[in-house]
Amino acid sequence: MILLAAVCGIMASAEEKKPNVILIYTDDHGYTDLGLFGIDKHVDTPVMDKLASGGALMKAGYSSAPQCVPSRAGLMIGRIQNEFAFPHNQSDAGEGSGRMPRIYPKGTDRAGKPVLTIADRLKKLGYLTGFSGKWHLGPSNNSNPKHDPRARGFEYYWTGSMESGSTNLTLDGKTVEHQDRKGLPEGIANRVILQGKYGESFIDFSQAGDKPFFLYLPLYAPHIPLIKKSDPYYQKFPKLDYPHYDNWRDDRRRMGLALIKSIDDAVGGVMTKLQEHGIEENTMVLFASDNGAPSKMGRDDPGLPGGPPGTRGGVWNGSNNVPMRGEKGSLFEGGIRVPMFAYWKGKIIPGTVIQEMVTTLDLTATTLKAGGGVIPEEFDGVDLLPRLTGKASKIKRPEPMFWEFWHTQVVRIGDWKLWRSTQQEMLFNLAKDPYEINNRIQSDAKVAERLRKKLDQWSVTLPRLNKSDRDASEVFAWPLEGTPAGTKPDPRYLLPYADPKPAPYPAAIKKAEKPKQANILIIFTDDQGYADLGCFGSKENQTPVLDNLAREGTKFTSFYAQPVCGPSRSALLTGRYPARSKGWSMPASEITFAEMLKEVGYQTACVGKWDVSNRKAIVDRMPNAQGFDYYFGALGANDSGKSVLHNNNDLVGTTDDMAGLTRLYTDKAIDYLVNQRDSQKPFLLYLSHTMMHTIIDASPKFKEKTGDNLYRAVVEEFDYETGRLLDTLDELGLKENTLVIFTTDNGPWNQPKYYENKKGHPKNSIFWGDAGPLRDGKASIYEGGIRVPCIMRWPGKIAAGKTNDGLMATIDFLPTFAALTGAKIPDDRTIDGVNQLDFILGKSKTARSSYLYNPGSASVQTRILQGNAIREGDWKLISPLKVGWFLEDAGSGEWELYNLKEDIGETTNLADKYPKKVKRLQALLKSSEAKLTK
């Protein structure tokens with residue numbers, strides 16, 4: 001008995017935790033008219049602003065329809081209303097025009113089954129249900145209340161659009177028999193305040209029992225009829241003077257905003273009532289409008305809403321949708337994107353701003369889930385609570401959102417929206433173009449096809465019982481036409497996006513040009529360690545620019561170059577292993593990615609260390625002969641502390657200013673971007689720094705900062721100079737369309753044997769880099785010699801802030817660039833690289849199953865190291881090594897097998913433990929080596 005009582009107590013406690021829910025639904029309330037959006041300084045909504053800022057503001061909130069009746073039906077049922085044959089105000093789903101069906105009609109997916117409202121469902125979950133305001137889904141006071149709120153799950157109610165209505169509540173929180181009430185009670189200004197007061201009354205009444213409550217508060221405003229000029233809200237609201245409106249429109253706008261102010265006060269009254277009862281923390285408040293404002297854009301005056309009484313635009317309600325295109329009845333953003341927010345003190349994270357799509361159907365699903373229900377499979381909305389409470393960073397939406405109204409249709413998936421009528425289609429990227437200015441139907445044909453297919457699949461499932469005799473694309477033609485000539489700029493409508501200034505509303509829809517080819521910027525350093533950057537683990541070097549580049553892009557942590565300078569550069573340029581491309585001795589017959597890209601209209605530039613022409617001025621093997629329009633730099637290394645510089649094929653001179661080399665090359669790269677490139681063409685810029693190759697040096701201000709750690713000074717100066725280059729991209733407006741790749745040619749010199757034998761380095765300086773957890777360094781085929789840091793950024797294309805451990809190498813750049821640009825890969829030779837475009841864009845896993853480490857005769861001087869290795873997945877097999885000259889880590893002198901996922905430092909040889917894997921990888925290595933001779 002004691003145990004049973006305890007269990008009952010727990011169950012009762014769980015029941016008490018169910019939240020109250022208030023769902024506030026305004027009427028024809030335009031996107032402009034929530035003060036928190038900051039679009040119009042005259043909008044006065046402090047209560048709603050406080051709730052939205054104290055909870056979650058949905059900047060891309062949508063109603064399910066651009067018209068009152070279907071929008072409300074969708075909200076009540078939790079489904080796109082077209083799916084139960086209720087697409088517009090005059091719909092007859094078998095029970096009379098404008099009456100929301102009680103049974104799914106024939107031809108629907110649930111034919112014959114009951115159509116349940118959210119109130120029906122919550123009643124079954126133990127909720128007390130209340131209603132106050134505009135019903136608009138059938139008769140709201142009929143002798144047979146089959147279609148009014150009483151029969152659709154609401155126990156207590158005020159059903160009245162205007163001053164008069166029907167109720168079973170008094171204004172002091174008591175119940176009465178169903179009765180009619182006429183006129184405004186004393187002290188109540190208008191219909192909105194009256195509806196709010198009945199909502200407060202229901203809250204008072206609900207506290208007499210122990211049930212959680214659900215209150216649906218559909219406030220009838222700012223829908224016409226307009227506020228009376230005798231109304232205190234109108235009289236107290238300041239006169240307005242918009243520079244693009246005449247006096248009549250100024251006054252109409254004042255009337256609309258005065259009525260919206262009364263909405264704010266009604267919401268404030270409800271919130272005060274929650275606080276009085278101490279239940280604010282246990283009440284979730286959801287707010288949205290049923291559709292956009294009916295701007296009624298006439299042509300009596302160019303491009304302005306409304307018109308004199310009696311004209312086509314004479315019924316404008318004074319609300320606005322600026323800057324969104326279109327109005328109520330239109331499936332452009334102005335018709336369906338609406339003010340929306342959620343508030344739940346202590347549960348929803350204050351200050352949450354949701355940029356992704358949210359729909360009114362999500363409010364239904366979220367209400368049901370919060371009330372302890374299970375979201376039915378047929379619902380089109382999703383539970384927002386994980387996103388609202390911070391448990392999820394994105395809304396999980398398995399299906400697109402669809403709209404259909406008066407022969408127009410829309411689908412939105414992610415950032416993309418496809419709009420179509422019987423005459424045309426348009427595609428918009430709403431993340432970049434929320435005002436729907438650029439029609440991308442041709443420029444992004446593949447995206448359009450994907451959305452079109454989804455929309456077709458949904459459309460054929462709909463019952464066709466209520467075909468409208470009107471066509472929205474004709475009735476609301478002005479959103480298609482744009483603003484007539486002579487229209488004054490609207491100070492709330494700011495264009496272009498990049499440099500916004502007041503513009504006439506709305507701008508014409510433009511045909512988007514085919515997207516420009518992406519620019520490509522490769523920043524290639526020399527002898528830099530895997531762990532030299534903060535974002536790759538350095539605790540010493542300060543690299544804020546590259547760390548930020550990693551935050552804006554993706555880090556690739558299993559990225560490979562070649563073991564030494566020349567071979568690494570020839571592999572990068574040609575997409576071929578150095579055994580083919582010949583490293584320092586790269587022949588003129590090799591085809592570089594610069595030559596390939598020039599064929600598709602790219603302008604090409606190389607700045608810095610070349611190192612593939614045997615460090616000699618052999619003209620047919622220099623950059624200008626290998627596809628680069630412009631070249632400035634040194635053909636070889638700076639081992640002697642000097643660099644011999646060329647400008648194109650001309651010798652410039654020799655410099656021993658190693659401290660100024662990083663800045664010099666950065667200056668030349670910036671000068672190319674600013675002064676030399678053709679802004680009408682895409683560019684490839686290959687910036688191949690000499691640093692951190694010995695002999696290193698840095699400018700005085702960086703050396704002063706880092707003391708005797710010269711290597712750190714060089715790294716930090718390189719980071720700073722990279723910041724100047726990236727800032728130039730920003731200043732030129734090139735950031736968004738530029739693929740930036742940072743990587744290095746090989747691992748760092750970090751072997752003491754090299755340090756002891758090499759002369760000419762500054763005293764008391766650390767001149768080698770940090771390989772971090774990796775074994776060995778430059779010239780080695782252990783990971784420290786060939787695994788290098790890599791960061792790629794392409795805003796909106798490459799994921800930001802991600803780390804990817806998939807296998808990739810510099811030899812993959814050439815085929816990847818071909819896929820990116822449409823260039824043709826050379827077909828008269830073997831290309832060892834693979835197309836990794838989908839991989840770097842996050843659309844697939846790596847396209848590379850294996851990678852060959854081949855520092856043999858053609859790629860590395862045999863006096864440094866002999867031996868090969870192969871990686872497949874996480875496994876790496878190394879042949880017996882022989883080292884000389886500067887290297888000293890020859891390993892075991894036998895076959896070595898490592899699992900790099902578990903042992904990145906190659907510390908435990910697993911060859912004896914996995915002999916079958918060794919044998920198989922030996923065969924794969926032998927086969928791969930054989931192919932290199934073909």
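User: Is Gly-346 buried or exposed, and in which loop is Gly-346 found?

Analyst: Since this is a predicted model, what follows describes computed values. Gly-346 counts as exposed because its relative accessibility is 77%, where exposed means over 50%. As for its setting, Gly-346 is found in the loop that runs between strand β10, residues 340–343, and strand β11, residues 352–354. In sequence, Gly-346 and Arg-580 are separated by 234 residues, and their C-alpha atoms lie 65 Å apart in space.

Thr-722, found in helix α20, counts as buried because its relative accessibility is 3%, and the cut-off for buried is under 20%. Once its neighbours within four places in sequence are left aside, Thr-722 is in contact with Ile-523, Val-545 and Leu-546. On the surface, Asp-730 gathers with Asp-727, Glu-731 and Glu-736 in a patch of negative charge.

A patch of positive charge is found on the surface as well, and its members are Lys-432, Lys-446, Arg-450, Lys-453, Lys-454, Lys-797 and Lys-843. One of them, Arg-450, lies in helix α11, which covers residues 445–459, and Arg-450 counts as partly exposed because its relative accessibility is 41%.

Conventions: Residues are numbered from 1 along each chain as its sequence is written. This is a predicted model: local features need pLDDT of at least 70, side-chain atom pairs count only at pLDDT 80 or more; totals for chains, interfaces and linings use all residues. Side-chain values use heavy atoms; hydrogens and water are left out. Patches are made of residues with over 30% relative accessible area and no salt bridge: like charges are joined within 9 Å, nonpolar side chains (Val, Leu, Ile, Met, Phe, Trp, Tyr) within 5 Å. Accessible areas come from the Shrake-Rupley method with a 1.4 Å probe; for residues, only the protein chains shown count as cover. A salt bridge is a side-chain nitrogen of Lys or Arg within 4 Å of a carboxyl oxygen of Asp or Glu. Lys and Arg count as positive and Asp and Glu as negative; His and the chain ends are not counted. The place of a charge is taken as NZ of Lys, CZ of Arg, CG of Asp or CD of Glu. Helices (H or I, at least four residues) and strands (E, at least two) are DSSP runs, numbered from the N terminus. Buried means under 20% relative accessible area, exposed over 50%, partly exposed in between (1.4 Å probe, protein chains only). Contact means heavy atoms within 4.5 Å.
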